[in-house]
Each structure stands twice: as structure tokens, then as C-alpha cells.
Amino acid sequence: MTTIQKLQQLMQAQRIRANDEGFVLSLLRFAQIRGTLTTGQDNAAQRLIARYEQRATPQASTASTVPTFTRVDLSPIVRMFDAARAHGLRRASIRLGNGLKVSAASPTSANPGAIYVKRDGDYLGKITSEGREFFSPSMTSAEKELVREFAQHPLERATVYGHATGQCCFCGRELTDARSVAMGYGPICADHYGLDWGHQRAAQSVDVVDDVRTQAA
Ligand SMILES: [Zn+2]
């Protein structure tokens, strides 16, 4: 059975938890468009499937303990924004779609290591370096999922964004090169944000943009 078939099976069995659903849906969407997953996506999907298969093996009862916050490592995202700052981009941010943008707190701010979320310029909340979420009640569950998905799989999210919009997830310019579309960002932004472009798919990269007013609170 292929990775995609396994994901579909888990979805149909309604076994995917809310935390993972956005990511799984984005993979299925991607595979639908492209006919296949990237190596990075496939690896991430297989890790996810392995987690669910472990859980399915005869264990005690199925007490569903939903974590109160998502355990994420934001350091790849923070590194990317640090690179952008080093390139002189003072207001770096990345587009997730639907008007959502994410930026990273400056190292000298009150929340070093945190990421901020805005919708059409309005501050919506943050995820701290410990992975704690502080989301505005005005955020829909779909928006929260989108942000969580990005926090966990930034590169995959950039790719999905690039395919969905044909635009660079960082600067919003039209992507005219197949390699840029494959990454979700163009070569100039890749350079600014310290990401791979063109030769190989970055193993763990991320993405950003540059026109939001960062630093909310
Ligand atoms: Zn760009």
C-alpha cells in the first residue's frame, strides 16, 4: 500500500486526530495535484502513519488525551527569520493563505523564539518557544490548524502555498519557474531566508515574506 493510500485509509476510518488533520489534508491535496509526494513529505507522512499504527496495536483502553498545546520545535522557523533579518529584511513574514501571515519575534523582544500570527494585518496570537498557543477567539479552527501545520512542517506548507497560489510565500511575487513552484518561493527569497533552491529539496527548511508589520505583542 502506498503512503497516500495509508493516509486515505486513516482519514476514512476517522482515526486522524484534529492536530494532524490539516497536515494530512494538505498532503492529500498536494498528491492530488502533483500525482506524488516529495521525499520530505513522504518521510513526514510515514512517521505520522507509524505513530498511528503504534497506537492501533493492542494497548490498554483508548482514552483520548488531547494535549493542551502542540509540542513543536520552532527553531527552524526562527533560524529562517534570523537569516532574513541578517539580510536587512526588517519585516519578514510568511504567507499561509487566507490572509494569514506568520512572523517571528525578534531575539530582543519579550517573546524570543515565538512566532506571531496575523490576519490581514490584525494580530491574532502567537505560539511561544515552548509550543504554547495563545490564539484569539476570533481565529477559526481551520486557521489554527493552518498555523499548527506550518509550525510543524514549514517547508511543506510553503510548497502547498506555492501550488495553490502560484506566488512566492515570502514576497507574494508570481512564481514563473517550475523549480520555484516546486519549492513555493523564488531564488531571491531563498537566498534572503537561507533556504535551498533549485538543486535539491531542503530537508528541513521554511519560508517567509516581507511586508507585514511584525511585532504585535
Ligand atoms: Zn519571493
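In this predicted model, Ile115 touches Leu74, Ile77, Val102, Ser103, Ala104, Lys126, Ile127 and Ala151, leaving aside residues up to four places away in sequence. Ile115 is also among the residues with the most contacts inside the largest nonpolar core.

**The nonpolar core**

- The largest nonpolar core has 47 residues. Val102, Ile115 and Tyr185 are the residues with the most contacts inside this core.
- Domain 1 (3-56) and domain 2 (75-192) both give residues to the core, so the core lies between them.
- Val102 is also one of the residues that Ile115 touches.

- Strand S1 covers residues 94-97 and strand S2 covers residues 100-104; the two run antiparallel and are joined by three bridges.
- S1 and S2 form a hairpin, with two residues between them. Asn98, in the turn, has a positive phi of about 55°.
- Gly97 stands opposite Leu100 in S2, and Arg95 has Lys101 of S2 as its bridge partner.
- S2 is also joined to strand S3 (residues 115-119), by five bridges, and these two strands run antiparallel.
- Across that pairing, Ser103 has Tyr116 of S3 as its bridge partner. Ser103 is also among the residues touched by Ile115.
- Four of the five residues of S2 are buried, so S2 is largely enclosed by the rest of the structure.

**Helix H2**

- Helix H2 takes in residues 18-34, which makes 17 residues. At 1.5 Å a residue, H2 should span 24 Å; the C-alpha atoms at its ends are 25 Å apart, which agrees.
- The buried residues of H2 are Gly22, Phe23, Ser26, Leu27, Phe30 and Ala31. These residues cover an arc of only 165° around the axis, which puts them on the same side of H2.
- On the other side of H2, Ala18 and Gln32 are exposed.
- The helices that the buried residues of H2 pack against are H1 (3-12), H3 (39-56), H5 (141-152) and H6 (154-165).
- Gly35 follows H2 and has a positive phi, near 85°.

Definitions and conventions: Residues are numbered from 1 along each chain as its sequence is written. This is a predicted model: local features need pLDDT of at least 70, side-chain atom pairs count only at pLDDT 80 or more; totals for chains, interfaces and linings use all residues. The expected span of a helix is 1.5 Å times one less than its number of residues. A residue is buried if 20 or more other C-beta atoms lie within 10 Å of its own, exposed if 12 or fewer, and partly exposed in between; C-beta atoms are placed from the backbone. The arc is that of the directions from the helix axis to the C-beta atoms. Two residues are in contact if their C-beta atoms, placed from the backbone, lie within 7 Å. Two strands pair if DSSP finds at least two bridges between them. A nonpolar core is a set of buried Ala, Val, Leu, Ile, Met, Phe, Trp, Tyr and Cys residues joined through C-beta atoms within 7 Å. Domain bounds come from an automatic or database domain assignment.
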